[in-house]
Amino acid sequence: MDTLITKKLSKNFGGIKAVNEVSISVKKKTITALIGPNGSGKTTLFNLISGFYEPDNGKVLFLNKDITNLNSHQIANQGLVRTFQIVRIFRNISVIENMLVAPKRDYGDSFIKTIINFKKSIKEEKEAYDYANDLLNLLELSHLKDEYAGNLSGGQLKLLSLGMALMRDPEILLLDEPVAGVNPTLANKIFDILINCRDNFNKTFLIIEHNMDVVLDFSDLIYVMNRGKIIAEGSPKEIFSNRGVIDAYLGVD
Amino acid sequence: MEVSRKMALHPIIFLLLGIGSFILIYAILALSLNLQQGYTGLPNFGLIGFYGIGAYATASIIVQGINPIIGIILGMLIATVFGIAITLPAIRIREIYFAIITIAAAEIIRIIFRNEKAIGGEYPQLGIFNIPLLFGLDYEMHKIISFLLLLLVVVCIYLILQFIIYSMPFGRVLKAIREDEDAVKALGKDPVRYKLIAFTIGAIIASFAGSMWVLTQRGITPDGIMPLWTFMIWIMVLLGGMGNNKGVIMGAILITGIQQIMQELKFYIPTEVLDSNQIISLTWTIIGILIVLVIIFLPRGVLKERKVKGSDIEKTIRNVNRGIKGWIRLLLRN
């Protein structure tokens, strides 16, 4: 079953066709990679899917529901969560608070409901707090949990934003360069975590990544974009023997 | 006669009670602005307009001979409606434009009050005055009760705000919105809803401050809701420490204290040395120097925003499960 489908999605900025009739489908329980040179429209595609941009044309289907015209926060509430290429975290609050902003709460998300059911909201808070601690342990950030998020290093910020996205327990996670600036050992570990989520918790991932080693090792399916269009799709093996891809992305020898 | 002579206060205490009441009114306003700007990042430059709504609603109701409580509630209701009416269109735009819209809104309110005879009486530019003393007390008791009442109000508002910000997940999202709105959206929270609630709570508190002013100072003039006073409250929040409720109360004490003491000095300094205009200028000079010093040496204000650590969250969870004793500890610890 396809978790996420885009149908002829298009977006123009002035005269530039940033995303031009892109149709992709992401199967459940897979890690799908989206690669392509800089400026090929990958992040714009993410913004279209997650509701940060309004598409000029086309449709986005998530779990067979049309989410094309929903707001970004509504889409996130349906279970489609994205991270940003330039990490967006809350710099002047502590790491643990960053993690606790994220989860979906039955009571805590509403001002009135929190006051009426304060005890239940605290129970929710405790569950979220325990889960956040587990995730921070997994991401090797637990020693920094009382630190201001703005004081973390670039790689640690990437990990934190991944952790915040995981706090929401999403159906599908759109990760924009999750391991850029992360050392290779930790990068492999992050992908091990993703694979663990895929295999044991039935999670689905759509990932933009320039690090070809991890893409090759860990992805199930690869889409290649160039100049706003999908120019190839296939398994890692097929993609890296595709002449067009090599010309567009990896460079001609 | 006998009683009032017994009650006669020492003049210094009488003076201090008056200054204290001023400080407490400004502390309420500073707390309100701190919720909007300090925690949520909503630069409300029209704060004094909401204060004006509360003040005029209460004053005109009292003048009609109706129970002031109705005036206070009416002021809060109008402030809520007005707050939502300006924020709904303005809340989606960038901070600087939001600031401009709020300052314009406050000026509209002031000009209406300055010219509308239906609200301000025969001479609206003079304001509404001659509000009766609280509970029909004599002048001195009114001063004492005003001060105690305001103290109680400030403590209550402080505790409520601290609870919202440090014990409710709601407050955490407000801080997150201040830091990065798009990231909040990506995490499935609607910033508009949160900002609307935060702004409205702030507007209600400001309106309540206006009501309390009318009740304790017994009048309101259109000049009392000039934009200047909004800026004064901003100075208090900046000096005391944005995002720290204790800090902004300290800011209110500092700035209002300086102003009131300088006004009193007028009576003790001979006019040949400094006349009253020069004293006002000197007051502003002192405040200006203070601002510069604080910006250079304490850019985040006298008291910094409190960092919430994991252990704080654990304590909150533990205290809630400890019954009434835990709750008291929770409120005081905030």
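With 15 C-beta neighbours inside 10 Å, A:Glu21 counts as partly exposed, a class that covers residues between buried (20 or more other C-beta atoms within 10 Å of the residue's own) and exposed (12 or fewer), with C-beta atoms placed from the backbone. This is a predicted model, in which local features need pLDDT of at least 70 and side-chain atom pairs count only at pLDDT 80 or more, whereas totals for chains, interfaces and linings use all residues. Residues are numbered from 1 along each chain as its sequence is written, while chains are lettered from A and ligands numbered from 1 in the order in which they are written.

**Backbone of chain A: positive phi**

- A:Glu21, which is found in strand E2 (residues 16–22) of chain A, has a positive phi of about 45° although it is not a glycine; helices (H or I, at least four residues) and strands (E, at least two) are DSSP runs numbered from the N terminus.
- Most residues other than glycine have a negative phi.
- A:Asn202 is not a glycine either, yet its phi is positive at about 55°; its place is in the loop between helix H7 (184–201) and E9 of chain A, and with 11 other C-beta atoms within 10 Å it is exposed.

**Chain A as a whole**

- The secondary structure of chain A comes to ten helices and eleven strands.
- Its radius of gyration is 19 Å, close to the 18 Å that the globule rule gives for 253 residues, so chain A is as compact as a globular protein of that length; the radius is taken over C-alpha atoms, and the rule is 2.2 Å times the number of residues to the power 0.38.
- Taken along the principal axes, the C-alpha atoms of chain A fill a box of roughly 60 × 40 × 35 Å, and buried residues make up 48% of its 253 residues.
- Of the contacts in chain A with a separation of 6 or more, 66% are accounted for by residues 24 or more positions apart, where a contact requires that the C-beta atoms of two residues, placed from the backbone, lie within 7 Å.

**The six-stranded sheet of chain A**

- An open sheet in chain A has six strands in the order E7-E8-E9-E4-E10-E11, with mixed pairing; two strands pair if DSSP finds at least two bridges between them.
- The edge strands, each of which pairs on one side only, are E7 (80–82) and E11 (229–234) of chain A.
- Neighbouring strands of this sheet are turned by 15° against each other on average, direction ignored.
- E7(A) runs parallel to strand E8 (residues 172–176) of chain A and is joined to it by three bridges, with A:Leu80 standing opposite A:Ile172 in E8(A).
- E10(A) and E11(A) pair in the antiparallel sense over five bridges, and here A:Tyr223 stands opposite A:Glu233 in E11(A).
- The hairpin of E10(A) and E11(A) has two residues between the strands, and in this hairpin A:Arg227 takes a positive phi near 50°.

**Helix H1 of chain A**

- Helix H1 (residues 42–49) of chain A lies across strands E4, E7, E8, E9 and E10 of that chain, running at about 145° to E8(A); axes are lines fitted to C-alpha atoms, for helices over the stretch in contact, and angles run from 0 to 180 degrees between N-to-C directions.
- Eight of the eight residues of H1(A) are buried, so this helix is largely enclosed by the rest of the structure; among them are A:Leu45, A:Phe46 and A:Ile49.
- Just after H1(A), A:Gly51 takes a positive phi of about 85°.

**Chain B**

- Chain B has 15 helices and two strands, and its radius of gyration of 21 Å is close to the 20 Å that the globule rule gives for 334 residues, so chain B is as compact as a globular protein of that length.
- Along its principal axes the C-alpha trace of chain B spans about 65 × 45 × 40 Å, and 44% of its 334 residues are buried.
- The axes of helices H3 (residues 47–63) and H4 (residues 68–90) of chain B come within 8 Å and cross at roughly 145°.
- The residues in contact between H3(B) and H4(B) include B:Phe50 and B:Ile53 of H3(B) and B:Leu74 and B:Phe82 of H4(B).

**Contact between the chains**

- The contact takes 25 residues from chain B and 36 residues from chain A.
- On the side of chain B that touches chain A, helices H8 (169–179), H9 (181–186) and H14 (310–320) of chain B are the elements that give two or more residues, and the largest share, seven residues, comes from H8(B).
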